[in-house]
Amino acid sequence: MLKLSSIESSEQELKEFYEQLRAQNVTPAWIAGGVTVEPRSKAVGHVWHWRDVRPHAVRAAELVGTEQAERRVLRLTNPELPGVSASNTLVANIQIVMPGEIARAHRHSASALRLIIEGQGGYTVVNGDRIPMYPGDLVLTPNWTWHDHANDTDQPMIWLDGLDTPLVRMLEAGFYEEFGQERQPVGAGPDPSVAKYGAGGLRPAWETGTAARYSPLWHYPLSQARAALERLAAEDSGSPFDGMILEYTNPLTGGSAMPTIACYIQLLHPGQHTQAHRHTCCTNYHVIEGSGHSIVGGQRLDWEDKDVFTIPTWTLHEHVNTGTRPALLFSFSDAPVMKALDLYREDAKG
Ligand SMILES: [Fe+2]
């Protein structure tokens with residue numbers, strides 16, 4: 001009869017055996033651990049208040065030039081991931097470009113997004129396309145696209161940078177290259193990707209598509225997203241967990257904006273309190289406008305205009321708009337990675 005085996009061995013025998021294994025870089029898996037019943041993130045829920053972060057960004061701009069710093073960026077780092085990143089796979093950073101400054105052209109295999117916080121009309125150049133930047137706009141600089149930033153206005157330009165650098169580092173897949181000149185030559189036409197792909201439901205019929213998996217649309221103006229949200233919110237309640245939430249999609253596929261990062265914008269009505277749920281993706285939020293709080297793993301995170309907060313994977317969360325204005329939240333997550341690998345799960349019960 002087949003059965004589980006039982007073997008008696010002494011502490012001393014095991015100790016000697018394990019030492020021999022260690023000397024040869026071998027580990028007995030039965031004592032090594034590593035399996036969890038459910039995901040447990042090292043990261044915790046946390047909020048960074050704009051009133052605290054903004055003065056540091058301004059001070060950085062007084063102390064460090066864009067000649068010295070390839071990018072003048074402050075990393076928002078999770079209290080449990082000190083010095084590293086806001087969440088397990090995605091950074092949420094604050095970048096400032098002062099009037100008259102440029103941030104030189106480069107590209108990398110990490111995918112990046114910019115959500116504009118302050119400033120009126122500086123621009124990012126992506127593969128030669130000049131993209132204007134206004135508050136609340138989403139600008140993509142996908143995997144391996146050339147990008148540089150410029151501020152030709154008289155006010156600081158400040159934005160949220162979201163990148164998948166921790167994921168790319170974990171996968172040891174990071175490449176980086178400098179353009180060789182400070183700035184890219186800019187092509188003709190204002191905002192070409194919006195001209196081609198920004199109409200919504202319409203795309204150039206002569207374009208046969210691209211091998212890239214990221215969206216060919218690189219600019220999602222807030223004005224468009226807000227109009228769509230308000231139109232829908234007037235007649236539909238959206239998701240019980242997120243209210244009226246819309247995803248920024250790749251217009252060619254309807255899928256996520258980038259292969260590793262999904263981007264969303266949601267509207268919470270004054271007084272709205274969403275139901276709690278959790279899922280196997282980590283999410284960083286930016287409060288475009290409004291005030292309220294989110295309960296994240298039992299902890300209350302109060303937020304208001306321009307704050308950033310993070311929700312780790314598999315952590316119950318619910319959102320409450322305690323203000324008198326509709327709240328607009330931008331968020332980005334690693335859900336496309338989890339879905340591509342069949343690791344995505346969602347649970348409303350807790
Ligand atoms: Fe970059």
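Throughout, a residue is called buried under 20% relative accessible area, exposed over 50%, and partly exposed in between (1.4 Å probe, protein chains only). The model is predicted, so local features need pLDDT of at least 70 and side-chain atom pairs count only at pLDDT 80 or more, while totals for chains, interfaces and linings use all residues. Residues are numbered from 1 along each chain as its sequence is written, and side-chain values use heavy atoms, with hydrogens and water left out.

Start with the overall picture. Of the 350 residues in the chain, 50% count as buried. The chain has six helices and 22 strands; helices (H or I, at least four residues) and strands (E, at least two) are DSSP runs, numbered from the N terminus. Taken along the principal axes, the C-alpha atoms fill a box of roughly 80 × 50 × 50 Å. With contact meaning heavy atoms within 4.5 Å, 74% of the contacts between residues at least 6 apart in sequence join residues at least 24 apart.

Next comes the metal site. The iron ion has H106, H108 and H147 as its protein donors, each through NE2, at 2.1 to 2.2 Å. Donors here are N, O and S atoms within 2.8 Å of the metal (3.2 Å for Na, K and Ca), and water is not among the atoms, so sites may look incomplete. Along the chain, the donors of the iron ion are spaced as H-x1-H-x38-H. H106 is buried, at 4% relative accessible area, and H108 also counts as buried, at 12%.

What about disulfides? A disulfide is taken as a pair of cysteine sulfur atoms within 2.5 Å, and by this rule the count is zero. Take C281: the closest cysteine sulfur to its own is that of C282, 7.0 Å away, which is too far for a bond. C281 is buried at 4% relative accessibility, and C282 is buried at 3%.

Helix α5 (residues 222-233) gets a closer look. The expected span of a helix is 1.5 Å times one less than its number of residues. For the twelve residues of α5 that gives 16 Å, and the end C-alpha atoms are 16 Å apart, which agrees. The buried residues in α5 are L222, A225, A228, L229 and A233. Viewed down the axis of α5, its buried residues fall within an arc of 135°, so they line one face of the helix; the arc is that of the directions from the helix axis to the C-beta atoms. On the face turned away from the buried side of α5 sit the exposed residues S223 and R231. The packing partners of the buried residues of α5 are the strands β12 (219-220), β13 (244-248), β14 (262-268), β16 (283-289) and β21 (327-333).

Backbone angles also turn up a couple of items. N25 has a positive phi of about 60° although it is not a glycine. This residue, N25, belongs to the loop between α1 (11-23) and β1 (46-48), and counts as exposed at 73% relative accessibility. W314, likewise a residue other than glycine, has a positive phi near 55°. The loop holding W314 runs between β19 (308-311) and β20 (317-321), and W314 is buried, with a relative accessible area of 13%.

W314 comes up again around H279. H279 is in strand β15 (residues 278-279) and is buried at 9% relative accessibility. Leaving aside neighbours within four places in sequence, H279 is in contact with T313, W314, H317, Y344, R345 and E346. The side chains of H279 and H317 are joined by a polar contact of 3.4 Å. A polar contact is a pair of N or O atoms within 3.5 Å; within protein, one must be able to donate a hydrogen and the other to accept it, and residues adjacent in sequence count only if both atoms are side-chain atoms.

Finally, P28 is found in the loop between α1 and β1. P28 is buried, at 8% relative accessible area, and, apart from neighbours within four places in sequence, it is in contact with Y18 and L21. P28 and G174 are 146 residues apart along the chain, and their C-alpha atoms are separated by 32 Å.
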